[in-house]
Amino acid sequence: METLTSVDQITFPSAVGRDVLDGSASDHALLEATRTGDNDAFAQLVSRYRNQITSYIYRMTSDYDGAVDLTQETFVRVYRAADRYQQSHAFSTYIYRIATNLAISELRKRKRRRLVSLTGFFQSTDYAEAREFNPPDERPLQDTELVDAERRTAVQRAISTLPEKYRAPLILRDVEGKSYDDISRILGTSEGTVKSRISRARGFLREKMRAYL
Amino acid sequence: MYKNECRIVRLRIEEADLAEELNSESVEHLRGCRSCREFYESEAKLRLLVAGLPQVEAPADFDFRLRARIANDRAPSSFSLRNFGVPSLAAAALILLVAGFLFVRNVTTSPEAPANVVASGKSSTTKSEVPSSTDPGSVIPGKIASATSPNSVDTGTAHKRGENKQLLAVGRGRTFARDSSSVGATVVRQNTSIAGVQLPLIFPVQTLSVSLDDGSGIARTISFPTVSFGSERVLTRAGNSFQGSVKGDW
């Protein structure tokens, strides 16, 4: 890979056949093409995963700008490590693992800095000490949209109060719809541990969301 | 009532997907167990709530920013102290500190080379003026030298360094001044090896002269007058040669 000095230089003519870029190519094939210097193949990979990863990191961190930044960092790492990538697991597992590590690292950094945001002001890392910042409004609402919006906000807030070790598996399972096997590979833990943590996380959430269930 | 069967069914409910149908045993259990049915309903509602969270999309300029970031990442990095890392900088600072300390130490110690050292070096040390005659009362030069050597060993190098500085100062046409008022004189100690030296009590009727050279070519000679207590005359008269000890054991 030669040194670039301009953003425009990153767009090279495709070094791989168009069949790789037609959308049916596997992630492995696209990454293989990226390795050989085809940046269109990498762009294809980015377009496949950018929303998923952004959404996942956003659910983990509850910070959109930070999530976008970390998603970019995830793709930069994938691009940089394209030469070292091994096709032993699915690419999605690989990229989710990078994203998870970055998100957890960010959460720990925040914890150290005691960074507080408006939504996180009343939240705690310890579930036992977590307090309800915005209790559900019991009055009848006129618009179902408002009800849904409030419910979504409450769910997101409840998720953000979970300890990180419970948060990641719950989001991967219930939001991203990953299998237990995939989650255990992404998190680098056993399947039993994943199931146990998801069960605990749901228990916490059930307590938090009792008013909405 | 919460039974073992309930625990198994709830475990199945937790592990199953929402769309996945429970097996007939679990369905049968749910029909008869109100507690497990409530658990199932709350679990399904909770998962629907969580799964109903909308997917957040990346911003429109995501690709452009990513390309810029990758291009920036691959561009040659400019010189920065950060490139060296903290350990390298710490090592460099330590080396500078040690070098500075050695330099300051060298500067502060060298001009104050003790003047008394001059009297103990090899080239300019104490020179016992040894009488060439075979006078039995003369001092044995080698023994005296060995007696002064322990003190001169540690100061020899310092003296040489001071001497070199002095020569350099003379070479540059500068007058070299030395204040030896605060410097103690060299203590000449008797070595234990001198214990066996035979000193005849028939001490010569001759002065002992010691020549001192301060290294700049100026020599000073100090003469010690002979002190007699009269005992040697008695011994001479008796014709005996008495072997004594320098320790003063009689």
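**Chains and their elements**

Biologist: What percentage of the 250 residues in chain B is buried?

Modeller: Buried means under 20% relative accessible area, exposed means over 50%, and partly exposed lies in between, using a 1.4 Å probe and protein chains only. By that rule, the buried share of the 250 residues in chain B is 22%.

Biologist: Good start! What kind of model is this?

Modeller: Residues are numbered from 1 along each chain as its sequence is written, while chains are lettered from A and ligands numbered from 1 in the order in which they are written. Side-chain values use heavy atoms, without hydrogens and water; local features need pLDDT of at least 70, side-chain atom pairs count only at pLDDT 80 or more, totals for chains, interfaces and linings use all residues, and the whole is a predicted model.

Biologist: Which word describes how α2(A) and α3(A) lie to each other?

Modeller: Helix α2 (residues 27–35) and helix α3 (residues 39–61) of chain A pack at about 140°, their axes 7 Å apart. Axes are lines fitted to C-alpha atoms, for helices over the stretch in contact, and angles run from 0 to 180 degrees between N-to-C directions. Under 35 degrees counts as roughly parallel, over 145 as roughly antiparallel, 65 to 115 as roughly perpendicular and the rest as oblique. The word for α2(A) and α3(A) is therefore oblique.

Biologist: How many nonpolar residues are in the contact of α2(A) with α3(A)?

Modeller: Contact means heavy atoms within 4.5 Å, and among those taking part are A:Leu30 and A:Leu31 of α2(A) and A:Phe42 and A:Leu45 of α3(A). Ala, Val, Leu, Ile, Met, Phe, Trp, Tyr, Cys and Pro count as nonpolar, Asp, Glu, Lys and Arg as charged, and the others, Gly among them, as polar. Next to 2 polar and 2 charged residues, the number of nonpolar ones is 7.

Biologist: At roughly what angle do α3(A) and α5(A) cross?

Modeller: A:Leu45 and A:Tyr49 are among the residues of α3(A) that meet α5(A). By class, this contact has 13 nonpolar, 4 polar and 2 charged residues. The axes of α3(A) and α5(A) (residues 91–113) come within 10 Å and cross at roughly 35°.

**Single residues**

Biologist: Is B:Cys6 buried or exposed?

Modeller: B:Cys6 sits in helix α1 (residues 4–15) of chain B. Because its relative accessible area is 1%, B:Cys6 counts as buried.

Biologist: How far is the backbone nitrogen of A:Asp182 from a polar atom of the A:Ser179 side chain?

Modeller: A:Ser179 belongs to the loop between α7 (164–175) and α8 (180–187) of chain A. At 31% relative accessibility, A:Ser179 is partly exposed. From a polar atom of its side chain to the backbone nitrogen of A:Asp182, the distance is 3.1 Å.

Key
Helices (H or I, at least four residues) and strands (E, at least two) are DSSP runs, numbered from the N terminus. A polar contact is a pair of N or O atoms within 3.5 Å; within protein, one must be able to donate a hydrogen and the other to accept it, and residues adjacent in sequence count only if both atoms are side-chain atoms.
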